Amino acid sequence: MRLAEQRVPQIKQLRILLAIFGFLIYPATEEVHAQSLKVRVIVTSLSPARVLVESEGPLADTWSFRNIYAGIPRLGYRVEGFKVAAASGETVSVRNLAPGEFRSSKEVSTFGYEIQLEERSRLTELSHVSWINQERGFLMLADLLPRLGRESLVPSPVTIEFKLPPGWTVASALLPDKNQQYTVANIDSTVFYIGRELRETRVRVDSMDLALVTSGDWAFADRDALKIAGKIVKEHSKLTRHRLYGRSVVLLAPFNGVVGPERWTADTRGASVVLLLGRNASARALLAKLGVVLAHELFHLWVPNRLALDGDYDWFFEGFTLYQALLTCLRLNLIKFDDYLDTMARVYDSYRSQPDHDRLSLIEASERRWTATPSFVYDKGMLVAFIHDLMLRHLTRNGTSGADIYPQLFRTGATVPGNANEVIMSILNRPPGMNQFFERYVQNPGDIALDATLAPYGFRVETKDFRTRILINKELTVEQGRLLRSLGYQG
Ligand SMILES: [Zn+2]
């Protein structure tokens, strides 16, 4: 055993040397190309839902599948019958090291496996991981394909083709070539919608080709849903002053069974919004819900998906983005001013009900979003965005607002990689009178007392039976009246 342990570093050294020589001999593109993968995805059965994946890639002896995503565990257990084939035809054995982790006795380039994709029983999981039912399903390459080799390298580019049950088709943000093959640069942001009778409607919004793909019967016409999505994209484009080019898609699916639109789940990756919604309601109620959910999800096409920033800043791209989405809904008449105030009051109650709400900073909460209190980054983030928006409007006599963060963010963050929290800190603290905003509300823990905070702006906060209401004072100063009207108040 000791001998084996000692030999590992030597082998590693040899690999590094070979890699250096290899790099010197071959052009740099060969190195990148070495991780390219050819994949065939075959839906072999709908009940139980099973997919066979056949793949050919670079020589490797280790394949690792994602075992957890968005707090959903045990994903690696779905992978079964992992097999490899050596070019020489000799038998190569494979060991299952851990859930979703496989190692062969020899490096090979061809491998295949089956993966169980039963529909998830928890509705909230349906937008986050791959599944298939009798009518439709989502194939998310992040949990469908493995990382390669002992360094867990992400394969790229991946050429992928599908063999689906009769009558089924596939749709995604990517378009296939003439051989119906897709070339995927980033597996983590690529989702394929498969199903019987998928329908696609398209519209051009500014520079974006926006498509709505859906299936099943809805009380509304596809065109009407697309129209709302288009209006929202236009607003976000204006707000960020950053145009998105190319194709983006909303992949909309209904929940099975009798479920109303109060139940929904969404995940926006790359240029795809995956949205599942209960369909048991009138067209009006469904479209209203769709608008509110899409106002937030479509914003993710910009933030964080088009920012080159890194670090844990969920407090911003969830909390601040939710707040701006709420204002977008107000501008588009998707909600009323009272709904805006009621939403902030509900968020405040949810924030106050969390045991650690005054002891956890937004930065800490973002670092452990899925393990600590998942709703904290949304609730406190949204409250801080609300306070930030009011402070800026007040300090600049409505010359600027919280929305002005976004064009500044896109001027730097879209192209230059950097630490998101540092970049956002410099933007938030920059205006005169705001110089400790980030430290006070984002970096350090501390309670938010909404009644005292909102009083200077003409709001009154009342809490009765643990339920908060945010009201507007009858008597307002001229300045308070102006600020509130800039938000959409019509009193
Ligand atoms: Zn979100």
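In this predicted model, the axes of helix α4 (residues 222-240) and helix α6 (residues 314-331) come within 11 Å and cross at roughly 120°. Two packed helices are described by the angle between their axes and the distance between the axes. Angles of 65 to 115 degrees count as roughly perpendicular and those over 145 as roughly antiparallel; α4 and α6 are therefore oblique to each other. Their crossing is right-handed. On the α4 side the contact is made by Glu-235, His-236 and Leu-239, and on the α6 side by Gln-324, Thr-328 and Arg-331.

A hairpin is formed by strands β4 and β5, with 2 residues between the strands. The pairing of β4 and β5 is antiparallel and runs over 4 bridges. In one of these pairs, Asn-96 has Phe-102 in β5 as its bridge partner. Gly-100 in this hairpin takes a positive phi near 75°.

Helix α11 is mostly covered, with 7 of its 10 residues buried. The buried residues are Ala-420, Asn-421, Val-423, Ile-424, Ile-427, Leu-428 and Asn-429. Asn-421 also takes part in a polar contact at the start of α11: a side-chain oxygen of Asn-419 lies within 3.0 Å of the backbone nitrogen of Asn-421.

The table lists the residue ranges of the elements described above.

| Element | Residues |
|---|---|
| Helix α4 | residues 222-240 |
| Helix α6 | residues 314-331 |
| Helix α11 | residues 420-429 |
| Strand β4 | residues 94-98 |
| Strand β5 | residues 101-116 |

Note on methods:
Residues numbered from 1 in each chain as written. Predicted model: local features only at pLDDT ≥ 70, side-chain atom pairs only at ≥ 80, totals over all residues. Heavy atoms only, no water. Buried < 20%, exposed > 50% of the residue type's maximum accessible area, 1.4 Å probe, protein only. Polar contact = N/O pair within 3.5 Å; in protein donor to acceptor, adjacent residues only side chain to side chain. Pairing = 2+ DSSP bridges. Axes fitted to C-alpha atoms, helices over the stretch in contact; angles between N-to-C directions. Parallel < 35°, antiparallel > 145°, perpendicular 65-115°, else oblique. Left-handed = near helix turned anticlockwise from the far one by under 90°. Contact = heavy atoms within 4.5 Å.
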